[in-house]
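Colleague: I am new to this structure and would like to learn how to read it. Could you walk me through a sheet and the helices around it?

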Amino acid sequence: MVINFNELGVLPCFIEKLNERKITEPTDIQRKVIPCLNEDKNVFFSSATGTGKTFAYLLPLLSKLLNPNSAGASFEPSVRDLREGHGIKFLIIAPTLELCTQIKGELDFLSEGTELKSALLIGSVNIERQIENLKKNKPDIVVGNPNRLLVLAKKKLLKIDSLRYIVFDEADRLVSDEMTDDTRELCKIITRNAKKNDKDLLIAACSATMNKKNREKLLETISAPQAEFIESEDQEILREKIEHWAIFSEKRRKDQTLRSLISALKGKKKRIKTLVFTSRGDEASLILSRLQFHHVNAAGLFGKAGKKPLPGAERKAALDGFRQGSIETLVSTDLAARGLDIQGITHVIALDVPDNEEVYIHRCGRTARAGKRGVMITIGDETQMRLLSVMEKKLKIRVQPKELHYGKICVPELE
């Protein structure tokens, strides 16, 4: 069995970067995906959040971009062979501004010391500055969300004649009802261009969840003839590393229950890190304002506040503060927090039960990262508890009922 990055063919310059983070052994999903991409196979893969999906595609594809004469220790990472003129060679598409920014950060970390150039193309940022950056810096790699990439592609400002590799991160969200039109139209432009230039694209797609329907939809969207599907064994994190709690609350008292729960979780601790989920942006805005009114150290991460978009700078400040620990509670929608890697979240609190189990899995994936344990808590009324019971059976998890009593979290007494 392959047990290290060297055996996987990862270049020494990248192994050195991984060592800086004390990453010495590949995860299960990395062991399975890297060889496939090295062999130029299209890959769709599914693995629990926090299991290294981003590095699973970045490590082999960046190696291909650098294309050294040999993968030995003498490799000079500043040298690039086979430059087919200036143009984007590697495109990464992700659904949210925050996830795109996170991927760009990992990309910058790995490519430091090489001549590879990259650009971040997301909405809520001045498009003229992005256009100027594309013309001036001529990036090899672009990370962006479908809508902004589509706008630039239609203007013929996204130079994709040299495109070789394309990755769909959080792929199931990219082909969801609200995003599939932009993703499909962007893929049509990319596919037409590839055929015109007689190029075969190497395609990877990943998510924490990817059912058969989404895989087929994605294959159709990107016009890929076939792809290998890989699922990681790490999915057991949902059952083995995460406790699932249910706290009953009438709808009209839910805000008060949330505040009491946050207070009880904090207890005598100086610091907590709690992520609160709700399905709708307008509801998230209301929850945040009420928490802040009651002096809870909270910030928001969602696309819209009421009818107005929440500014990108405000969302970035909230996320940075939450990462660094100056903000203890982050209120988010499912889309805004999709795929984010935030270390140290001990509790995830959901104020509703999602329509399908995949959303529940993504919520759970914010905690129990890097081998740690976590808690997923659902606050809901009688209807929501029935839905959670159905979810419990589908996912084969055990949900423990809890209640708040005099500022403490207790197991309800049996009647």
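**Reading a sheet and its helices**

Modeller: Gladly! This is a predicted model. Let's begin with a pair of strands: strand 8 (residues 242-248) and strand 15 (residues 374-380) run parallel and are joined by 7 bridges. One of these links Phe-248 to Gly-380 in strand 15.

Colleague: What holds strands of a sheet together?

Modeller: In general, backbone hydrogen bonds do, in either a parallel or an antiparallel arrangement. Here, the open sheet has 8 strands in the order 10-13-9-14-15-8-16-17, and the pairing is mixed.

Colleague: Which strands stand at the edges?

Modeller: Strand 10 (298-301) and strand 17 (408-410) do; each has a single partner strand, so one side of each lacks a neighbour in the sheet. From one strand to the next, the twist averages 30°.

Colleague: Now the helices. Which strands does helix 14 lie across?

Modeller: Helix 14 lies across strand 8, strand 9 (274-278), strand 14 (347-350) and strand 15, at about 130° to strand 15. Helix 15, in turn, lies across strand 8, strand 15 and strand 16 (399-405), and runs at about 140° to strand 15.

Colleague: At what angle do the axes of helix 14 and helix 15 cross?

Modeller: The axes of helix 14 (residues 357-364) and helix 15 (residues 382-395) cross at roughly 85° and come within 10 Å. Angles of 65 to 115 degrees count as roughly perpendicular, which means that helix 14 is roughly perpendicular to helix 15.

Colleague: Which residues meet there?

Modeller: From helix 14, Glu-357, Tyr-360 and Ile-361 meet Leu-388, Met-391, Lys-394 and Leu-395 of helix 15. This contact of helix 14 with helix 15 has 5 nonpolar residues, 2 charged and no polar ones.

Note on methods. Residues numbered from 1 in each chain as written. Predicted model: local features only at pLDDT ≥ 70, side-chain atom pairs only at ≥ 80, totals over all residues. Heavy atoms only, no water. Axes fitted to C-alpha atoms, helices over the stretch in contact; angles between N-to-C directions. Helix = DSSP H or I, 4+ residues; strand = E, 2+ residues; numbered from the N terminus. Parallel < 35°, antiparallel > 145°, perpendicular 65-115°, else oblique. Contact = heavy atoms within 4.5 Å. Nonpolar A, V, L, I, M, F, W, Y, C, P; charged D, E, K, R; others polar. Pairing = 2+ DSSP bridges.
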